[in-house]
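Trainee: I would like to go through this model one residue at a time. Can we start with a single side chain and then turn to the charged pairs?

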Amino acid sequence: MTTGGEQATATSGSVTPDPETDPETALRDAPAGPAADGSKGSTGLTGSTGSTGRRPWWVWAIPFVSLFVLLCVRNRFLFTTRLYEQGDAGANSILIEQAKHFTLLVGNYSREGFNHPGPAYMYVQAFGEYLFSDALRVVPTAWNAHMLSVFALDSAFVALAVGIVYGWTRSLRGAAICFAVFIAFAVAYPPIVNSDWMPYMYVPTYVVFVIAAGSVVAGRSQDAWIFALTGWFLIHGQACFLFFVPVLALAAGVAVLWPHRRTLRASVGSFFRQQRRVWVPVAVISAVFAFPIVLNLVLRWPGNFGKYISYGSSAQAGGHSLHQIVLYALWFWWPHRHAWLVPVLLYALALAVTCWLSRGPMRRFLLVLLAINVVSSLAFVVYAAVGIDDLSEYYIGYFYWSAPLVTVLVVVLGAAEAIRRRPRTQGTQGTQDTQGTQDTRGGAGSAIARRAFTLSTAAAVLAAAAGFVVLAVIPGTHANTKDIDESLPRVVATLAARAPGQTIVLHIDHPAWVATTGLLVQAERSGVKACVDDPRWTFMMTKQFICTPAQAASGQAYWFYTPHVPASATVILRFSGVAVAPASSS
């Protein structure tokens, strides 16, 4: 990369426009590897393989806009229908309401009775509520805005993955392949791009985290900020990533530093002096994401971290046989019989196409991706062995769908490397021999290679387009609304009218928590005071909605019964399978 935005072609001495600054050139004449001349480029702690310039805007914009628009059009009911959430969505909305006032320091709840480390996902949805509902008013209710922010976040992560792969392939073909693979997995598992349920939201984040780790280790230090961003999102999202992220970060760090072990101090010093564009964004991202976690620890030591340690050291976590653990991990590769064949065959195929068909920096990137995938898989096995209480709950490990996705991505990218476009050079333009005849064999070979490369690019784009069309029409792309109850505003108004000005005090049967979260968040939005008279629900309802002794004594109390209603109870209304009765009547 020269200062003028041009890239020298070593074989001919000619100068061609840099595809990073010229989208038209990138579409027409993109080389098959990070460097236009096919060389490895600069590598190491202070350098990067291939071109170090910025990727063109369309690499990020096209996948983001395409997927976001598809999800919005497919779920256009969000722009017109009033939807009121309950259940897990309601519990998250309680946190999102706090995030809108910048008071939230923890993440979503866990069924183990604690909150996950950080609020990043909640702040994204809080911003979405402000933007789409409060400012632009394009949606009628808050949950609708939360869903649009989820669509935007998932689309952004897919765009980041496409950008990373483009950084290595420098071609529309490579970008289209990555987008096609992501879309194919979204067709198989639509909730990974259109659901606000947290186990699904971790999937695209973790996939990009793994791909970014591979890119950094293989030599593109420019992608370190993506590695940091996705890693911190994961840490905020679920406590288990306090294990996964450091393990993969440590593995990546060792791989990067090992070649410089004899000059480690000098190499690290040179890195910090020369690569500010690499480490400064990482430092800023880390500081921003670490702040709420650190502040919560300072204010409420040891906070939820003490509960993480207690759970991890309890008999409740782990205790499974090796056979059970292996079957659990294999389920994410293939949830049917003979699942072990899938990772074996996929990895054999991935290694074959990588070693035989790819060359230079691209081969290194693909091999590193496979190695990072192995580290991730080993970490997942350890997590299943010591961190998961019930191996029948597959949702806990949905993020491990990353393993087959990344492997398939390597297979397709490696296979595409079999078709390379030969650059135009003086040696391929034809030469005049001593008999005056024109030797066109080199030119013909170059033309055939370019034509094959163009056809393979067209095939990749068509595959992405076909997957896009399928995703647009399948029923699963329609967002799930099972945790929606449109009667919640009426229920809140009815209970508030029975005792104007008094706090609604709730006593609930355990299954009634689903309706309770929805009622509490709707009461908050309506300016009605409500609380649950049971501190055991603090982890889900938050301290804000747990009754104080004064509220319990002076408020109007109700029971939420489900599924059975005592004979002595006077039921005043029913909603979401819950019977509501004044507490004094039971």
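Trainee: In which helix is S456 found?

Mentor: Keep in mind that this is a predicted model. The helix in question covers residues 441–473, and S456 falls in that range. The helix is α18.

Trainee: Is S456 buried or exposed?

Mentor: Buried means under 20% relative accessible area. The relative accessible area of S456 is 12%, so S456 counts as buried.

Trainee: Which side chain makes a polar contact with the side chain of S456?

Mentor: The side chain of S456 also reaches a backbone atom, the oxygen of F453, at 2.7 Å. Beyond its neighbours within four places in sequence, S456 is in contact with I419 and R173. The side-chain polar contact, at 2.9 Å, is with R173.

Trainee: How many residues apart in sequence are D389 and R111?

Mentor: D389 and R111 form a salt bridge, with the closest N and O atoms 3.0 Å apart. D389 lies in the loop between α16 and α17, and R111 in the loop between α3 and α4, so the bridge ties together parts of the chain separated by 278 residues.

Trainee: Is D389 buried or exposed?

Mentor: The cut-off for buried is under 20%. D389 has 19% relative accessibility, so D389 is buried.

Trainee: Which residue forms a salt bridge with D134?

Mentor: D134 is in helix α4 and its partner is in helix α3, 34 residues apart. The closest N and O atoms of the pair are 3.2 Å apart, and the partner is K100.

How values were computed
Residues numbered from 1 in each chain as written. Predicted model: local features only at pLDDT ≥ 70, side-chain atom pairs only at ≥ 80, totals over all residues. Heavy atoms only, no water. Helix = DSSP H or I, 4+ residues; strand = E, 2+ residues; numbered from the N terminus. Buried < 20%, exposed > 50% of the residue type's maximum accessible area, 1.4 Å probe, protein only. Polar contact = N/O pair within 3.5 Å; in protein donor to acceptor, adjacent residues only side chain to side chain. Contact = heavy atoms within 4.5 Å. Salt bridge = Lys/Arg side-chain N within 4 Å of Asp/Glu carboxyl O.
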